[in-house]
Amino acid sequence: MSSARTEPVLRFGRRLINIINSLVIVLTSIILLVTLGLIAKDTYYLVCNFNQLDFTYIQSMANEVVFLFVYIEIIRSAIVAKRHPEMYIVALAEVGFIVTIRDVIRSSIIGSEEGIILTSLSVLVFAAILLLMYKYIMPSRVPPGSE
């Protein structure tokens, strides 16, 4: 197949990827705003009914706050993927790192020793991946516009 025939297909593919990436950003932003609303509602309830709270309510509120960080990381990784597609794997590893830290916090609140050990190991794996990427992949990358 000649390159003249594949060019429209490549343009369509790039356009489709940009549309999907934009949809991810918009939809995750909407979820982020809804989560902010839930946090505001829960904070108001927390202030009004401070002496009647139970542990599950506080755990639920902490979960919402951590999910807020996850949503922010997803939006950030989608923006990074749009600007620098080769950096997408780094952004994805950072999101994985944040999610596993959330799981460590959740496991420590629940008190599951096996969960704490497994999620701590996964945090170490993601930290090692990020360390290798920042040490070996990132320095070798030429900044855009410096050629």
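Analyst: Rings of Phe, Tyr and Trp (its six-membered ring) pair if their centres lie within 6.5 Å; planes under 30 degrees apart count as stacked, over 60 as edge-to-face and the rest as tilted. The model is predicted, so local features need pLDDT of at least 70 and side-chain atom pairs count only at pLDDT 80 or more, while totals for chains, interfaces and linings use all residues. Residues are numbered from 1 along each chain as its sequence is written, and side-chain values use heavy atoms, with hydrogens and water left out.

User: How many aromatic pairs by this rule?

Analyst: The count is 1 aromatic pair. F67 and Y71 are stacked, at 6.0 Å centre to centre with 20 degrees between the planes.

User: Where do F67 and Y71 lie?

Analyst: Both are in helix α2 (residues 55-83), 4 residues apart, about one turn of the helix; helices are DSSP runs of H or I with at least four residues, numbered from the N terminus.

User: Is Y71 buried or exposed?

Analyst: Y71 is buried, because its relative accessible area is 19% and buried means under 20% (exposed is over 50%, partly exposed in between; 1.4 Å probe, protein chains only). F67 is partly exposed at 31%.

User: Next topic: which residues form the largest nonpolar core?

Analyst: It has 7 residues: I25, L32, I39, L68, Y71, I75 and A78. Such a core is a set of buried Ala, Val, Leu, Ile, Met, Phe, Trp, Tyr and Cys residues joined through side-chain atoms within 4.5 Å. The largest share of this core, 4 residues, comes from α2.

Key
Helix = DSSP H or I, 4+ residues; strand = E, 2+ residues; numbered from the N terminus.
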